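Work through the exercises below with the sequence and the structure at hand, and try each task before reading its solution.

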Amino acid sequence: MDLRRLGYFAVLAEELNFTRAARRLHIAQPALSQQIQALERQVGARLVLRESKGCSLTPVGVVVAEEAGRLLRQAEAAERRIQAAVRGRAGRLRLAYTRSARGGVVDALVSEFRTRYGDVELSVQTGWTAHNVAELRAGRLDAAFVRPPIDEAPELRYLVLSEEELLLALPAGHALAALRTRISRERIADEPVILFPRENGPGMHDLITRQVWPGGPRIVREEPDDEQLLLAVAAGHGISAVPAGRAHALRLPGVRLRHLTAPVPTVPLALAYHPGADLRVVNLLLPLAGGAAAAAGGDGAPGPIGAGQSPRATDRPG
């Protein structure tokens, strides 16, 4: 069907008056009548019944008005997508969150992307770092939030967004929970520890244990995510170390958060992507991520996340 005629009919269906509809369309009333008659011939049925003070729609006219509205909205959306493609803004971004980092810089970055690039379809999922890395390498994701270091994927590139302090999570009734000073590593060396399974994020797991329990943790329990981990701490099954952002966001009763003595343990949060993928849409996200990294104290420079590389934003390709 002729979209222009459908557009004329849609306006007439709203106004139910040829004079007012013609005025809205900035055409003469006889011209509007001719276009509606042409549409009726094309459809093969009467669409409008003229009345003394306007007009009304026939049952077929009601259906045509509904379908015309739907087709016109689709045509407008298609035009926006085409124009977005001309500007390089169309497409789809397949993005994954990491379970240990929701809120804060991550949500702010994604929200800014949605605001700036509303024409880009954003497909979002959540997974552990190991899962996200596997999906990136398989080409099923375009970008993902991860916790470096990631020794098994030297081909990926990343931008570090922030460095989060690791906080010690203690049961509320634990003797150390009463302390208001920083807690030394010696005092927790023999404590039972609750952590996530190493295979969920080997780099982050090793980074945590190396910084907090340099002699090796006495792991007594594993939990799949931070909420379950902290629930186990609240139940008194052991202590743990959790990124500050996630720990404060969950705020579970029965858990006390304490700082460790220097050197302060930290874990990086990064945005990873595959340099061999289609970067047209990813390149819209990277400048925003670079700005987030700079605001967090880094310089937003991309770097490798392969073996032997420091996971900080100041790394350069090499």
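Helices (H or I, at least four residues) and strands (E, at least two) are DSSP runs, numbered from the N terminus. The model is predicted, so local features need pLDDT of at least 70 and side-chain atom pairs count only at pLDDT 80 or more, while totals for chains, interfaces and linings use all residues. Residues are numbered from 1 along each chain as its sequence is written, and side-chain values use heavy atoms, with hydrogens and water left out.

**Exercise 1.** Locate E223 and decide whether E223 is buried or exposed.

Solution. Begin with the place of E223, which is in the loop between β8 (218-222) and α8 (226-234). Next, take its relative accessibility of 11%, because of which E223 counts as buried (buried means under 20% relative accessible area, exposed over 50%, partly exposed in between, with a 1.4 Å probe and protein chains only). Finally, leaving aside neighbours within four places in sequence, E223 is in contact (heavy atoms within 4.5 Å) with I194, L195, F196, P197, Q228, L229 and A232.

**Exercise 2.** Describe the largest nonpolar core.

Solution. A nonpolar core is a set of buried Ala, Val, Leu, Ile, Met, Phe, Trp, Tyr and Cys residues joined through side-chain atoms within 4.5 Å. The largest one has 26 residues, and L93, L95, F113, F145, L271 and L285 have the most contacts inside it. Turning to its suppliers, α10 gives the most to this core, with seven residues. Then follow L285, which touches L93, L95, L109, F113, A143 and L271 when residues up to four places away in sequence are not counted. Another core, of 20 residues, lies apart from it and has L166, I188, I208 and I239 among its members.
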